[in-house]
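Work through the exercises below with the model open beside you. Try each task before reading its solution.

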Amino acid sequence: MTSEESFSWQEPRNSVVRGAFVVVEGLDRAGKTTQVQRLCSKLYALGHNIKTLRFPDRNSTIGQMISSYLQNETDMDDHVIHLLFSANRWEKAKWIEETLSKGYTIICDRYFYSGMVYSAAKQNPSLSLSWTKHPEIGLPLPDVVVFLDLEPWQAEQRGGYGEEKYEKREMQLRVRELFLQLLKADDGRMKIVNAGDGMDAVEERIWKEVLPCVEAVEGGSFGVKIGKFKG
Ligand code: FDM
Ligand code: MG
């Protein structure tokens, strides 16, 4: 049973001011997919209305172009692939806003934080971290972002590593540095979680960061309006 099948069809069971927009970020093989599923199950068991999302969304036409690039089947200019990743989010922007307004909390596996740091990590001189932000401006802003932090050497020891384009030590080291740089400049919505230990410990840490935020947003403390990324 995938998280998509188990969580997407129910009508909202609880009436809330709006759903929370929760993003889980991290390096490749940081355990995001497992943790997203666990988080959804726990929230759902408590009666929250939940939907999941992941980027890249490989189902759309743009998503298929991205997938082919990641699998080294096609090559593209660094700016072009960056803009496709961003377009892939814009395809879902309206759905995100409507779904949150209906009272669903969305748990999202990667978002524009990945978009920015993976592109900037390529060290293309005309593709700085600040350049990468521009196409993301105006996208729905998450209420909380959990960054699952681990050292690239730990990720490498996990199954399936090295299959896709960016799963290389040098790249992952720069991605991690850039994630940490974003965290330093952040307004407090990004939470760093040590993801180097066992799955249960990591799950508990994520829960401590996410549950209070979900309860506050659903209860109305963050207002009805969904924020927009300002760059
Ligand atoms: N990735 C992901 C990007 O480079 N930009 C983006 O905007 C997003 C959402 O795609 F290496 C990278 C990160 C990762 C790859 O992601 C595929 P998954 O989560 O491993 O499927
Ligand atoms: Mg991957």
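Helices (H or I, at least four residues) and strands (E, at least two) are DSSP runs, numbered from the N terminus. This is a predicted model in which local features need pLDDT of at least 70, side-chain atom pairs count only at pLDDT 80 or more, and totals for chains, interfaces and linings use all residues. Residues are numbered from 1 along each chain as its sequence is written, chains are lettered from A and ligands numbered from 1 in the order in which they are written, and side-chain values use heavy atoms, with hydrogens and water left out.

**Exercise 1. Describe the annotated span.**

Start with the record. UniProt lists residues 24-206 as "domain: Thymidylate kinase-like", in an unreviewed entry. UniProt positions are given in the numbering used here, feature names are shortened, and annotations may be inferred rather than shown by experiment. Next, take the composition: residues 24-206 are 50% helix and 13% strand. Last, check the ends. Their C-alpha atoms lie 9 Å apart.

**Exercise 2. Find which residues touch the most other members of the largest nonpolar core.**

A nonpolar core is a set of buried Ala, Val, Leu, Ile, Met, Phe, Trp, Tyr and Cys residues joined through side-chain atoms within 4.5 Å. Buried means under 20% relative accessible area, exposed over 50%, partly exposed in between (1.4 Å probe, protein chains only). The largest core has 67 residues, and I107, Y111, Y113 and L148 touch the most other members. Helix α9 (residues 199-219) gives this core its largest share, eight residues. Now inspect I107. Beyond four places in sequence, its contacts (heavy atoms within 4.5 Å) include V22, V24, L39, C40 and L53.

**Exercise 3. Decide what D109 pairs with.**

Locate D109 first: strand β3, residues 105-109. D109 is buried. Apply the charge rule: Lys and Arg count as positive and Asp and Glu as negative, while His and the chain ends are not counted. Then apply the distance rule: a salt bridge is a side-chain nitrogen of Lys or Arg within 4 Å of a carboxyl oxygen of Asp or Glu. D109 has no salt bridge; R54, the nearest side chain of opposite charge, is 4.1 Å away. Leaving out residues up to four places away, D109 touches V24, K32, T33, V36, L53, R54 and F55.

**Exercise 4. Search for disulfides.**

Use the cut-off: a pair of cysteine sulfur atoms within 2.5 Å. The whole structure has zero disulfides. For C40, the nearest cysteine sulfur is that of C108, 11 Å away. Check burial too. C40 is buried, with a relative accessible area of 0%. C108 is also buried, at 0%.
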